[in-house]
Amino acid sequence: MGTPETSREPCPDRILDDIGGAFGMGAVGGSAFHLIKGVYNSPSGARLIGGTQAVRMNAPRVGGSFAVWGGLFSAFDCTMVYVRQKEDPWNSIFAGAATGGFLSMRQGLGASARAAVFGGILLALIEGAGIMLNKVMSAQQNMPIMIDESVPAMAGGPGFPMGLPGQSQSQPQSVQETASTSGSESGSWFGAGGSLENQT
């Protein structure tokens with residue numbers, strides 16, 4: 001099983017891929033949120049219209065905000081991959097901190113530093129959870145398979161009569177008649193000649 005870093009797109013394509021995925025996630029999540037909010041805040045009788053108007057006005061904005069965050073994060077992540085020449089969780093942690101700080105730059109240096117610390121901690125938690133999940137999944141895949149050897153023998157084997165309990169071991173009469181007629185006509189079931197009674 002590959003790690004999340006190795007299972008992603010290669011680095012230049014990763015930026016566009018993350019922009020599109022983040023926009024889709026923000027648009028879908030924003031649509032659901034603003035539909036519920038618009039229905040709740042609209043007067044009775046026009047709730048559905050108010051909900052759809054709220055979705056049309058706000059869902060593209062939320063999707064765009066997510067796309068900006070995803071694009072900046074991927075750009076910083078690719079920069080870290082290029083500078084450090086390796087793919088590991090530290091790239092994502094640095095990229096999360098840089099993205100948070102960059103997006104809060106207009107609010108001043110203190111707000112930018114706080115957002116960078118928060119972004120780094122958030123991405124560290126996400127990466128830690130991903131690493132733990134990968135370890136649990138790989139440990140489950142590497143567990144030895146236990147096979148139970150006490151499988152009962154097939155019906156008709158030694159110690160097991162043919163058929164269900166309570167039935168006699170003799171074959172049904174129609175099967176015996178078919179076997180005897182086909183044995184007398186063609187010799188035997190395998191075409192060796194002679195009747196079944198003669199061969200046994």
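Trainee: Quick start. How many helices and strands are there in the protein?

Mentor: Six helices and zero strands. From the N terminus on, the order is α-α-α-α-α-α. Keep in mind that the model is predicted.

Trainee: How much of the protein is buried?

Mentor: Buried residues make up 26% of the 200 residues.

Trainee: Let's go to α1. What length should helix α1 span, and what does the model give?

Mentor: Helix α1 covers residues 11-41, which is 31 residues. At 1.5 Å a residue, α1 should span 45 Å. The end C-alpha atoms are 44 Å apart, so the two values agree.

Trainee: Which residues of α1 are buried?

Mentor: Cys 11, Arg 14, Asp 18, Ala 22, Gly 26, Ala 27, Gly 30, His 34 and Gly 38.

Trainee: What do they pack against?

Mentor: The buried residues of α1 pack against α2, residues 47-84.

Trainee: How do α1 and α2 pack, by angle and axis distance?

Mentor: The angle is about 155°, and the axes are 5 Å apart. Angles over 145 degrees count as roughly antiparallel, so α1 and α2 are roughly antiparallel to each other. Their crossing is right-handed.

Trainee: New topic. Where does UniProt put the "transmembrane region" feature?

Mentor: The unreviewed UniProt entry places it at residues 66-83 and 115-133.

Trainee: What does the chain look like over residues 66-83?

Mentor: That span is 100% helix and 0% strand. The end C-alpha atoms are 26 Å apart.

Trainee: And residues 115-133?

Mentor: Again 100% helix and 0% strand. Here the end C-alpha atoms lie 27 Å apart.

Trainee: OK, α3. How far does helix α3 reach?

Mentor: Helix α3 is residues 89-103, so 15 residues. From first C-alpha to last, α3 reaches 21 Å, close to the 21 Å expected. Its buried residues include Asn 91, Ser 92, Ile 93 and Ala 95. Gly 96, Thr 99, Gly 100 and Gly 101 are buried too.

Trainee: Which helices do the buried residues of α3 pack against?

Mentor: They pack against α2 and α4, where α4 is residues 109-141.

Trainee: Take α2 first. What is the angle between α2 and α3?

Mentor: Roughly 135°, with the axes coming within 8 Å. The crossing is right-handed.

Trainee: Which residues meet there?

Mentor: From α2, the set includes Val 68, Trp 69, Phe 73, Phe 76 and Asp 77. From α3, the set includes Trp 90, Asn 91, Phe 94, Thr 99 and Phe 102.

Trainee: Asn 91 keeps coming up. Is it buried or exposed?

Mentor: Asn 91 is buried, with a relative accessible area of 1%. Leaving aside its neighbours within four places in sequence, Asn 91 is in contact with Asp 77, Met 80, Val 81, Arg 84 and Lys 86. Asn 91 and Val 81 are ten residues apart along the chain, and their C-alpha atoms are separated by 6.6 Å.

Trainee: Now α3 and α4. How do they cross?

Mentor: At roughly 150°, and the axes come within 7 Å. The pair is therefore roughly antiparallel. This crossing is right-handed.

Trainee: Which residues make up that contact?

Mentor: On α3, Pro 89, Ser 92, Ile 93, Gly 96, Ala 97, Gly 100 and Gly 101. Among those on α4 are Ser 112, Ala 115, Gly 119, Gly 120, Leu 123 and Glu 127.

Trainee: Last one. Where is Gln 85?

Mentor: Gln 85 lies in the loop between α2 and α3. Gln 85 is exposed, with a relative accessible area of 61%.

Trainee: What is phi of Gln 85?

Mentor: Near 60°, which is a positive value in a residue other than glycine. Most residues other than glycine have a negative phi.

Terms used. Residues numbered from 1 in each chain as written. Predicted model: local features only at pLDDT ≥ 70, side-chain atom pairs only at ≥ 80, totals over all residues. Heavy atoms only, no water. Helix = DSSP H or I, 4+ residues; strand = E, 2+ residues; numbered from the N terminus. Expected span 1.5 Å × (residues − 1). Buried < 20%, exposed > 50% of the residue type's maximum accessible area, 1.4 Å probe, protein only. Contact = heavy atoms within 4.5 Å. UniProt positions renumbered as here; feature names shortened; annotations may be inferred. Axes fitted to C-alpha atoms, helices over the stretch in contact; angles between N-to-C directions. Parallel < 35°, antiparallel > 145°, perpendicular 65-115°, else oblique. Left-handed = near helix turned anticlockwise from the far one by under 90°.
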